[in-house]
Amino acid sequence: MQEKSVLEMRGIYKTFPGVKALQNVDFTLNEGEIHALMGENGAGKSTLIKVLTGVHQKDEGTVFVKGYNEAVNIRSPQDAQNVGISTVYQEITLCNNLTVAENMYIGRSKGLFTNWKAMNEKAGKILKDLGIPAEPTQQLSSCSIAVQQMVAIARAVDMECKILILDEPTSSLDEQEVAKLFRLMRDLKAKGVGIIFVTHFLEQVYEVCDKITVLRDGKLVGEYEIKDLPMVELVSKMLGKELDGLSDMKKPNVAAAHGADEVPVYEAEQLGSVAGVKPFDFKIYKGEVNGFTGLLGSGRSESVRAVFGADKVTGGKVKVNGKEVKITKPINAMKNGISYLPEDRKRDGIIGDLSVRENLILAHQVLKGFFKPISRAQSEKFADEYIKLLEIKTASTETPIKALSGGNQQKVLLARALLSNPEYLILDEPTRGIDIGTKTEIQELVLKLAGEGKSVTFISSEIDEMLRTCSRLVVMRDLKQVGELTGEDLTQTKIMKTIAGGEK
């Protein structure tokens, strides 16, 4: 190992059935360093962390930790803890009904303390040393989320960790709480702890980190000093698009000519939600395809979930065809002619044990009301019609939807959305995880729907796909709108510069 290194991972490979999750990945962490691990969805960040913490077993490669003369073999989270690796996850895994001190020492006392007083005194000293605003005897549930995160870090530090992994620790914190957390991270850095920081917030990386390692598609893109990697270059490396080699995409002109007097199909002013997306303005016209773009975690999905009422709305004004309406839950949106295809089809979309027919008619049945059931004959007619229209490959209308391929499941969800005859259709990652042929079919369908006068909001993590389908893009970063692009500005280069530069 190098003299300053506290961790070296060399030639790490990990394969799951059909997926090469990590391919020959190297990662080095130094003492007293805050090191960002960056990459889009599927880049391999989580897999690398899980290999390091013993959740997954690597297929090949070596891991060296300072203090050990040879490579360490980490087969469980306990093994990781024993060699000085601690992890604080996005979802806090402490016990709300216990005190702060009890959470710090639960499962660790083993006769070390003869009384509660000694435990509370030791916890109090650590809390004071780390500047954490909590009392040892205070019940954890009375602490803010930020303080709970800090208590989890205090527990990790007291376990004499050399390597601290922070997995999306700021995702539910406000700006003041983030500032407190960063102070604590800098204090730990000064004490020589090596910190791996996993986050989607670009500005936070540049505020607190010393180095960045970028992964893409399970491979190492590179390790960079923070001062040597401008934000726009970080974005291009994460997305796999080099700025100098970008070509502007040509696509059919689907933008409608909107007159000054034309009323938007949907319009929101200062719409916000409990998901943390900052209040935003948004509108869409008849026959238009627009989209939200940005890196994973930027607020793309949170924005459209607010539009559809899928997340609780915290404020703002909404108009549909010029008339002010209240959309606080999905049924309100559906009754106002809005349909939504969610990002996670398995969690929020399909009901696996129900048939293709039953899944397809679900939204239409909700709109009619369950006291007005759709007849079997009518539902079979609908199913046959959309199976033919969208070329859904299924043995029959009664096949359980879980037996279909991902692409065909997605087509069933599209059919469900279309059956309710929406005026405005929101498609969040409709082509994720499906074959290229089906992707093309869905893109063509989107353009066809726009040509027939439907309004469509389209979201994809693939910029090429957004440029092929959308005539206007809202650019998101760190849960807020940072730009809107149309016309000649609709290029990959401009999108990446807007993501990196924000309002500037």
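Guide: Angles between axes under 35 degrees count as roughly parallel, over 145 as roughly antiparallel, 65 to 115 as roughly perpendicular and the rest as oblique. The model is predicted: local features need pLDDT of at least 70, side-chain atom pairs count only at pLDDT 80 or more, and totals for chains, interfaces and linings use all residues. Residues are numbered from 1 along each chain as its sequence is written, and side-chain values use heavy atoms, with hydrogens and water left out.

Visitor: At what angle do the axes of helix α8 and helix α18 cross?

Guide: Two packed helices are described by the angle between their axes and the distance between the axes. Here the axes of α8 (residues 231-239) and α18 (residues 492-501) cross at roughly 125° and come within 8 Å. Helices (H or I, at least four residues) and strands (E, at least two) are DSSP runs, numbered from the N terminus; axes are lines fitted to C-alpha atoms, for helices over the stretch in contact, with angles from 0 to 180 degrees between N-to-C directions. The two helices α8 and α18 are therefore oblique to each other.

Visitor: Which residues of α8 and α18 make the contact?

Guide: From α8 come Met-231, Val-232, Val-235, Ser-236 and Leu-239, and from α18 come Met-496, Lys-497, Ile-499 and Ala-500 (contact: heavy atoms within 4.5 Å).

Visitor: Which residues of α18 are buried?

Guide: Buried means under 20% relative accessible area, exposed over 50%, and partly exposed in between (1.4 Å probe, protein chains only). In α18 the buried residues are Gln-492, Ile-495, Met-496, Thr-498, Ile-499 and Ala-500. Their cover includes α7 (202-208), α8, β12, α17 (463-469), β18 (472-477) and β19 (480-486).

Visitor: How many residues of helix α9 are buried?

Guide: Seven of the nine residues in α9 (residues 300-308) are buried, so this helix is largely enclosed by the rest of the structure. The buried residues are Arg-300, Ser-301, Ser-303, Val-304, Ala-306, Val-307 and Phe-308. Gly-309 follows α9 and has a positive phi, near 80°.

Visitor: How many aromatic pairs does the count come to?

Guide: Rings of Phe, Tyr and Trp (its six-membered ring) pair if their centres lie within 6.5 Å; planes under 30 degrees apart count as stacked, over 60 as edge-to-face and the rest as tilted. By this rule there are six aromatic pairs. In one of them, Tyr-266 and Phe-282 are tilted, 6.2 Å centre to centre with 50° between the planes. Tyr-266 belongs to strand β10 (residues 266-273) and Phe-282 to strand β11 (residues 280-284), so this pair ties together parts 16 residues apart in sequence. Tyr-266 is buried at 1% relative accessibility, and Phe-282 is buried at 4%. Phe-282 also forms a tilted pair with Phe-292, at 4.9 Å centre to centre and 40° between the planes. As Phe-292 lies in strand β12 (residues 289-293) and Phe-282 in β11, the pair ties together parts that are 10 residues apart in sequence. Phe-292 is buried, at 0% relative accessibility. Ring pairs link Tyr-266, Phe-280, Phe-282, Phe-292 and Tyr-424 into a cluster.

Visitor: Is Asn-421 buried or exposed?

Guide: Asn-421 is exposed, with a relative accessible area of 55%. Asn-421 sits in the loop between α15 (406-419) and β16 (424-428). Most residues other than glycine have a negative phi. Asn-421 is not a glycine, yet its phi is positive, about 50°. Glu-429 likewise has a positive phi, near 50°. Glu-429 lies in the loop between β16 and α16 (436-451), and with 2% relative accessibility Glu-429 counts as buried.
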